[in-house]
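Morning, everyone. Let me put the model on the screen, and then we will walk through a sheet, a helix pair and the cores.

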Amino acid sequence: MPLKLLRASLNLHLIVRRIHEPSQVRVRFAPSPTGYLHLGGLRTALYNYLFTRAHNGQFILRIEDTDQSRVIPGAFEQLHKDLIWAGIIPDEDPIRGGPYGPYLQSKRVDLYKEQVRILLENRAAYKCFCSEKRLDMMRKKAVQERQIPRYDNRCRHFSDEEVETRIRRGETYCIRFKLHPTPEPFEDMVYGAVTYDVSINEGDPVIFKSDGFPTYHFANVVDDHFMKISHVLRGVEWQISTPKHLLIYKAFGWDPPQYAHLPLITNPDGTKLSKRQNDITVEHYRRDGIFPLALINYITVAGGGFNREQNLSNFYTYQHLIQMFDISKLNSNSSRLNPDKLLEFNRMELKNLLDNKNNHSFLVERVSKLIQEAFPDKVSDGSLQLDPHHIISTLRWAHNRIFKLSDLVNKDLRFLWVKPKEDSEKLKYLEKVDILSEKLERLDERGFCKESLKTCLRDFASNNDVPFPDLMRTLRSLLSGLKVKYPSAFITKASSPCAVWSLTFIFLARQISEHS
């Protein structure tokens, strides 16, 4: 489709939608595909998502990939996967599409070219022919003089004739935007009135590079306008760029969105989160066995933003968080993460999942996979206990003792999942186990509790002149496969292998008794 026809069609489409659609909240999360999604990015995406859901609006995922030199193959797909895993579902994105796409900036270059032409025509922008060598010399000089490097706006003052002459000579150029003083503050939904005169502190910024791609600042404004973004919620590090963006809006004659800058969340030691920290990526937490909702609760307790009780140990669903979210409650100061809270939240979520039978198949699948990965040598010999009922029963017993599902498969808990081998040398010396087994099998349901079992075992030990600790150590060894020294008082008589397995529940009862 010719560019003019495409532009006319797009403008007509926007006019029709503005006439027939009521005004609504539209927010976006617009990361660059340059690495894994980390906690800072996840918090930004989450707050955008909660804000729009609280106002019955639309959440847009836009990928800002105009700097092709920094794009990492597969990063967008991983980022999208991380958001879906965390429960943050876009209404419009590069995969699902939508009425204002494409949602990859690299596929919107024709639109950017058309809009930068408008700024050149109304003298809000100009062509800059400065070489990289000249710009580098300016930066070095500024550093030597202990000044902040900034462009001196030299090409801003070229006449039309000089510009045309340089173009005819084949000189390469970029396009810069003319900054103007911004003495008036803008209203930040979190920080209130913010004043930053960008023209004093910066030179005219590049908005279109010589390679034919726009810079972040220009594409960001153009996309927010044409995608009808009503509110921009982004990290506080972008706050000083907002006056620049507002000037671009003014140059086009467009109404800007409302801005809210989110305070920093930091490491426990107060240092800034960094993409170089592999242990703060969403992928890391997912692989480490953290549940999505636990991670969501973890990042919402840092920095405020919710109408909720002072007790920050409460665990909330997405529905609760949406209902409680209030951007006016955000703290303007940075907040530190507390890793201990994350483990507490993960334990709470495990209990919630267990309480709902609809989640049991998911838990069984996850635990079965962990067991097989932890004991690969036992997968083929049939000694792994992967029965769903056994897995759920064990989870019910363990959920107050563990933080993550992976805690269940460490070597100390091997006995829970791996059946011990029959040891003929042990079995032929085990005295009167058959008698004990028959006695236990006669217990009714009311007597099948840890106190009754403990009494029964103590009576058995007393009647057979076996010290109770020795009895329990022996049973534990036979049932778990752990190596212990057998007491001589207990090694006298043969017993059947099936009797040993009938005592499995005794061992588990003993574990419950010891940890209660």
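Start with strand β4, residues 174-177: which of its residues are buried, and on which side? One caution before the answer: this is a predicted model. Now β4. C174 and R176 are on one side, and I175 and F177 are on the other.

Next, the neighbours of β4. Strand β3, residues 125-128, pairs with β4 in the antiparallel sense, over 4 bridges. Take two positions along that pairing. Y126 has R176 as its bridge partner in β4. C128 stands opposite C174.

Now the other neighbour. Strand β7, residues 206-208, is joined to β4 by 2 bridges, and the two run antiparallel. Here R176 turns up again: its bridge partner in β7 is V206.

We have an open sheet of 3 strands, in the order β3-β4-β7, with antiparallel pairing. β3 and β7 are at the edges, and each has a single partner strand, so one side of each has no neighbour in the sheet. From one strand to the next, the twist averages 45°.

On to the helices. How do α2 and α11 pack, in angle and in distance between axes? Helix α2 is residues 39-54, and helix α11 is residues 292-300. Their angle is about 90°, and their axes are 10 Å apart. The range for roughly perpendicular is 65 to 115 degrees, and α2 and α11 are therefore roughly perpendicular to each other.

Who makes the contact? From α2, we have L39, L42, R43, L46 and Y47. From α11, they meet L295, I296, Y298, I299 and T300. By type, the residues of this contact divide into 8 nonpolar, 1 polar and 1 charged.

The largest nonpolar core has 74 residues. Those with the most contacts inside it are L39, L42, I88, Y298, L395 and W417. The largest share of this core comes from α2, with 8 residues.

Look at Y298 for a moment. Leaving aside neighbours within four places in sequence, Y298 is in contact with L39, Y285, L337, N338, P339, K341, L342 and F345.

Last item. Another core lies apart from the largest one. That core has 29 residues, among them V116, F226, W254 and Y259.

Methods: Residues numbered from 1 in each chain as written. Predicted model: local features only at pLDDT ≥ 70, side-chain atom pairs only at ≥ 80, totals over all residues. Heavy atoms only, no water. Axes fitted to C-alpha atoms, helices over the stretch in contact; angles between N-to-C directions. Parallel < 35°, antiparallel > 145°, perpendicular 65-115°, else oblique. Contact = heavy atoms within 4.5 Å. Nonpolar A, V, L, I, M, F, W, Y, C, P; charged D, E, K, R; others polar. Core = buried A, V, L, I, M, F, W, Y, C linked by side-chain atoms within 4.5 Å. Buried < 20%, exposed > 50% of the residue type's maximum accessible area, 1.4 Å probe, protein only. Pairing = 2+ DSSP bridges.
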